[in-house]
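Here is a short report on one protein chain.

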Amino acid sequence: EQEDGAKVVRVENLNNPYKDQANFDRRFKLTLNKLYAWNLVDYDRVVMLDSDNLFLEKTDELFQCGQFCAVFINPCIFHTGLFVLQPSETVFKDMIHELETGRENPDGADQGFIASYFPDLLDKPMFHPSLNGTKLEGHYRLPLGYQMDASYYYLRLRWSVPCGPNSVITFPGAPWLKPWYWWSWPVLPLGIEWHKHRLQTLGYSAEMTMVIIQAVIYLGMIAVTRLAKPNMPKLCYRRSDKSISIIQTGLKLVAVWSILASYIMPFFLVPSTLHPLLAWPLYFLGSFALSTIAINSFFLPILPVLAPWLLIFGSLLVMAYPWYSNGVVRALAVFFYAFCSAPIVWVSLTKVMSCLQVSLEREIFFPRLGESSPPSGFNKLY
């Protein structure tokens, strides 16, 4: 409100009468609040936007459009990620009435309701802005360039939208691969464009404190494990085949889970909206730091434990390679890399388990009660 001059209008959440439909997605429960846009009668035109729109250029001409205008991404159904409307208290009240009486809504969200409310938009003329800025009357279809689906880009790795100004990109699809999440790039290449625009506007000062704290902690872990090389504490046990088997099995599980944790935990600790070129190095630093703890605690070989670390880094290089001819070639390259990486992961896991078994048989970790301890070299702290 202070920085951008935005005016925030607070409203009561509209009850969604479709929430019990069989195909209803719970994340769309409150999207019917979009209907309040028709009640903004202080304005002559309103452009309604979803947060996953990326503007490539100015679109001021949209305010010249008529009473309702939207883009058909689907050949038969317009998309409600961006649409233009003329606020009207009469239309708003009628929409609320239709909501209360149970107008048919295929998906239970704003998309289905608004498409049902304006069923004949496909037959309306295409919007062409007037050169003198005159506002149009009626309903219009907006050119596809005002809502370019990111999937059009991923097929050819370039835009091939022949009509419209090509000014707005939208990112429909899996909610966990939205462009503001750092892990969406380089899985989906356009994510970096989103962060490029954020870098020029909002910046990343909100996340930098957490980044610095995590980096210092990870570097401290690496330094401590390098200097001390801590080992697992000894636990003496009596001669019993059963106790030996239980201890060895438990130790193997702890070792495997500690390695898995070293790759999983840093992923959730990185701030989710951080720039990918900062987030990925922070993830690799955290994963390496936790891996060194597992390596030195369980006397494991370095290369097999870090094999997934190297393979993840390689997969990023394969996905981010900028000279693929099209999206199909890129997908095949990623598939081929994954196919070749699977045996390496299996061999690394086998090597880790083999080395752990050798350490157990030498009784490095758990010497038998009443017997002499193994040579001090096995447990010496450096």
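## Helix H7

H7 is mostly covered, with 16 of its 22 residues buried. This is a predicted model. H7 runs over residues 276-297. At 1.5 Å a residue, its 22 residues should span 32 Å. The end C-alpha atoms of H7 are 31 Å apart, which agrees.

What follows H7? Phenylalanine 299 does, and its phi is positive, near 55°. Phenylalanine 299 sits in the loop between H7 and H8. Its relative accessibility is 29%, so it counts as partly exposed.

## The H7-H8 pair

Two packed helices are described by the angle between their axes and the distance between those axes. H7 packs on helix H8 (residues 302-320) at an angle of about 170°. The two axes are 10 Å apart. The cut-off for roughly antiparallel is over 145 degrees, so H7 is roughly antiparallel to H8.

Which residues make the contact? From H7 come Trp280, Tyr283, Phe284, Ser287, Phe288, Ser291 and Ile295. From H8 come Ile302, Val305, Leu306, Trp309, Ile312, Phe313 and Leu316. By class, this contact has twelve nonpolar residues, two polar residues and no charged residues.

H8 has 19 residues. From first C-alpha to last, H8 reaches 27 Å, close to the 27 Å expected at 1.5 Å a residue.

The buried residues of H8 are Pro304, Val305, Leu306, Ala307, Leu311, Gly314, Ser315, Leu316, Val318 and Met319. Val305, Leu306 and Leu316 are buried and also take part in the contact with H7.

Pro304 and Ala307 are in contact with serine 348, leaving aside neighbours of that serine within four places in sequence. Serine 348 lies in helix H9 (residues 327-361). Is serine 348 buried or exposed? It is buried, with a relative accessible area of 10%. Its partners Pro304 and Ala307 are among the buried residues of H8.

## Helix H5

H5 covers residues 205-228. Its 24 residues should span 34 Å at 1.5 Å a residue. The end C-alpha atoms of H5 are 35 Å apart, in agreement. Buried residues in H5 include Glu207, Val211, Gln214, Tyr218 and Thr225.

Isoleucine 169 is found in strand S7, which spans 168-170. At 2% relative accessibility, isoleucine 169 counts as buried. It touches Asp52, Asn53, Leu54, Leu56, Met148, Ala150, Trp159 and Leu190, not counting residues up to four places away in sequence. Asparagine 53 is 116 residues away from isoleucine 169 along the chain, yet their C-alpha atoms are separated by 5.6 Å.

Asparagine 166 is in the loop between helix H3 (150-156) and S7. It has a positive phi of about 50° although it is not a glycine. Asparagine 166 is partly exposed, with a relative accessible area of 26%.

The peptide bond from tryptophan 185 to proline 186 is cis, with omega near 10°. Most residues other than glycine have a negative phi, and most peptide bonds are trans.

## Glutamine 67

Glutamine 67 has its place in the loop between strand S2 (53-55) and strand S3 (68-71). What does glutamine 67 touch? Its contacts are Arg45, Val84, Leu85, Gln86, Glu137, Gly138 and His139, not counting residues up to four places away in sequence. Glutamate 137 lies 70 residues from glutamine 67 along the chain, and their C-alpha atoms are separated by 6.3 Å.

## The whole chain

The secondary structure comes to nine helices and seven strands. The chain has 382 residues, and 42% of them count as buried. Among contacts between residues at least 6 apart in sequence, 67% join residues at least 24 apart.

Terms used
Residues numbered from 1 in each chain as written. Predicted model: local features only at pLDDT ≥ 70, side-chain atom pairs only at ≥ 80, totals over all residues. Heavy atoms only, no water. Axes fitted to C-alpha atoms, helices over the stretch in contact; angles between N-to-C directions. Helix = DSSP H or I, 4+ residues; strand = E, 2+ residues; numbered from the N terminus. Parallel < 35°, antiparallel > 145°, perpendicular 65-115°, else oblique. Contact = heavy atoms within 4.5 Å. Nonpolar A, V, L, I, M, F, W, Y, C, P; charged D, E, K, R; others polar. Expected span 1.5 Å × (residues − 1). Buried < 20%, exposed > 50% of the residue type's maximum accessible area, 1.4 Å probe, protein only.
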